[in-house]
Amino acid sequence: MADTILAVLEQREGKLNRVSWETVTAAQAISGQTGWPVEAVVMGSGANNVAREIAGKKLEKVYDLESPRLEPYTPDAFSFALKRFIGERRPKLVVMSNTYQARDFAPKLAAQLGCGLVSDAVACRYQGGQLVFVRKMFQGKFAADVTFTGEPPFLTTFQAGFFRGDQAQDAEAATAVETVNLDIPDAVVRTRPHEVFKEAKQAVDLTQAEFIVAVGRGIKEQKNIELAKQLADALGAEIAASRPVCDSGWLPLDRQVGSSGQTVAPKVYLALGISGAIQHVVGMKGSKTIVAVNKDGDAPIFEVADIALVANLFDVLPPLIEEVRKAKAVA
Amino acid sequence: MKILVCMKQVPQKDVTLQLNESGTWIREDTSYESNEPDAYALEEALQLKEKHGGEVVVISAGPARAQQVLREALAKGASRAIHLEDAGLVGLDAVGTAKALAAAIRDEQFDLILTGLQSDDCGYAQTGVILAELLGWPHATIVMQVEKQDGGIRVKRELEAGYFQFVDMPMPAVLTVQSGIKKLRYATLMGIKQAKNKPLRKLAAADLGPLGPNLLQIQRLYIPQKTKKTEVLNGTPAEMAKKLVEMLRNDAHVI
């Protein structure tokens with residue numbers, strides 16, 4: 001069988017997860033290098049409309065795996081369905097997005113298939129007949145080139161935001177959709193998920209903020225938050241934080257930016273003592289201007305920063321607050 | 001409840017790491033700590049034990065220095081530890097590590113296995129889930145809360161963008177725990193003293209049987225290329241502050 005790439009796309013209750021367009025772009029990009037055609041698969045119960053939506057993209061084929069047990073999502077049913085499907089279709093490479101869902105089932109699927117999984121990749125190149133994936137390690141301090149050593153299929157998940165969903169190539173004529181009805185025995189699914197919910201309504205909508213002052217672990221103590229708040233007040237900015245600060249209870253959870261918090265894109269994002277772990281960066285790298293203050297010049301936050309202040313934030317904050325107040329007074 | 005907590009020793013978060021000569025890994029001579037999400041997994045396990053009785057056992061695969069992680073866990077209240085210490089166990093990928101862990105506990109009967117959702121060094125976020133599959137147990141990832149109930153447990157999972165979900169599942173099961181779910185305790189002086197007399201069992205690669213080859217290989221580790229042009233502000237903090245305010249006013253127009 002010819003080598004193919006399988007893009008595993010995600011839907012919930014008949015709505016495609018937008019990040020799946022990035023998966024399509026990633027698969028198409030790898031296809032451009034390898035010449036391997038791309039097929040896509042979506043799973044659910046009544047996901048046919050989603051499959052037809054996907055068929056608008058340039059793909060070899062779209063498969064819709066259907067079973068009442070595929071909705072709601074469980075890792076048991078998903079890995080059962082995909083293991084069987086991949087066993088039959090034998091793609092060389094399976095591409096997913098590193099969503100919370102893929103994080104939940106992809107390692108299980110890899111173990112069932114006895115194959116490797118490069119999780120959370122940010123790029124892939126085809127070099128000397130080998131797929132080389134780039135992924136961040138040590139909290140973003142280093143990048144690694146990673147290859148598979150075993151036999152295909154190879155599994156990979158890509159970090160959100162590294163391929164552009166709006167660059168997924170459209171099909172000239174709609175791609176064929178094939179519905180596959182799967183029989184998934186009762187005993188396969190051992191967990192019982194409840195409805196997805198949101199905790200008490202978020203009081204703060206950071207997505208609309210034009211200016212955000214965000215604090216990270218470097219703020220050291222709860223009492224120092226006050227200093228950052230003074231700066232935010234002087235600037236007329238919203239205050240936000242990376243996960244560790246919210247975990248410590250120093251700022252409420254609805255102030256959290258990152259993969260488990262809000263995704264923001266203000267005009268200016270001022271990061272104070274934030275190291276730049278990938279889980280945070282995905283939530284803010286769309287900001288127009290990123291200013292980073294960190295005493296560690298090697299901190300990964302400087303990779304995405306437009307303006308860098310390599311300095312202790314406690315030395316910078318007092319004069320900065322003063323300068324801002326002066327500037328505002330003049331204005 | 002008999003609970004196993006899988007913990008990993010990782011380089012400290014705020015230290016600057018150096019690449020080794022071959023550029024395939026970091027230099028060993030740095031300071032280490034317990035992987036943060038694993039510390040939260042331990043805390044959850046200890047609280048479950050305090051509520052429902054039972055035992056908390058900790059396990060770690062790593063060189064001699066990794067014993068520190070286990071000693072700390074014993075000092076916090078775990079009752080015994082297993083250390084997979086062998087040169088042959090260094091540099092395992094997620095599958096290899098999960099196989100080693102599964103082999104090490106094959107003669108024990110745990111109700112729950114908790115571990116952090118990912119490690120701060122490799123960040124694969126795979127080992128716990130693969131371990132569940134190798135044991136034939138159900139799993140849940142990114143767990144925020146664990147409640148015992150009739151016939152199993154109810155866990156609260158974190159999903160994207162502020163969403164959550166409760167999941168009911170039978171035991172035994174593997175859970176990967178999110179950071180921040182409970183306040184971490186400190187080891188007491190008494191705990192540290194008692195830890196010295198708690199059993200710490202060492203296992204070598206030969207005790208675990210064949211683990212198979214790694215399925216992934218790190219070809220090269222390097223400092224990521226910058227994709228952005230960054231303007232670095234120089235001078236004293238006061239000069240930097242002044243320059244920044246000018247830029248915010250004249251270029252970004254936010255002041």
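Helices (H or I, at least four residues) and strands (E, at least two) are DSSP runs, numbered from the N terminus. With that in hand, let's start the tour. This is a predicted model, in which local features need pLDDT of at least 70 and side-chain atom pairs count only at pLDDT 80 or more, while totals for chains, interfaces and linings use all residues. Residues are numbered from 1 along each chain as its sequence is written, and chains are lettered from A and ligands numbered from 1 in the order in which they are written.

**Stop 1: chain B as a whole**

Select chain B. You will find seven helices and 13 strands, with the C-alpha atoms filling a box of roughly 65 × 45 × 40 Å along the principal axes. Take the contacts in chain B between residues at least 6 apart in sequence: 67% of them join residues at least 24 apart. Here, contact means that the C-beta atoms of two residues, placed from the backbone, lie within 7 Å.

**Stop 2**

Now pick residues 36-52 of chain B, which form helix 1. Its 17 residues reach 25 Å from first C-alpha to last, close to the 24 Å expected at 1.5 Å a residue (the expected span is 1.5 Å times one less than the number of residues). Among the buried residues of helix 1 of chain B are Tyr40(B), Leu42(B), Leu46(B) and Leu48(B). Step just past this helix to Gly53(B), which has a positive phi of about 75 degrees.

Next, select residues 67-76 of chain B. Helix 2 of chain B is largely enclosed by the rest of the structure, because eight of its 10 residues are buried. They include Val69(B), Arg71(B), Glu72(B) and Lys76(B). Following helix 2 of chain B is Gly77(B), with a positive phi near 135 degrees.

**Stop 3: the two domains of chain A**

Switch to chain A and color residues 5-188 as domain 1 and 206-330 as domain 2; these bounds come from an automatic or database domain assignment. Their C-alpha centres lie 34 Å apart. Seven residues of domain 1 of chain A are in contact with eight of domain 2 of chain A.

**Stop 4: where the chains meet**

Show both chains. In this interface, 68 residues of chain B are in contact with 72 residues of chain A. Helix 7 of chain B gives the largest share of chain B's side, 10 residues.

Zoom in on strand 12 of chain A (residues 192-198), which pairs with strand 9 of chain B in the antiparallel sense over five bridges; pairing requires at least two DSSP bridges between two strands. There, Lys198(A) has Tyr163(B) as its bridge partner.

**Stop 5**

Finish with the open sheet of six strands, paired in parallel in the order 14(A)-13(A)-15(A)-16(A)-17(A)-13(B). Strand 14 (238-241) of chain A and strand 13 (231-232) of chain B stand at the edges with a single partner strand each, so one side of each has no neighbour in the sheet. Strand 13 of chain A (residues 211-215) and strand 14 of chain A are joined by four bridges, and Ile212(A) stands opposite Glu238(A).

Notes. Buried ≥ 20, exposed ≤ 12 C-beta atoms within 10 Å, placed from the backbone.
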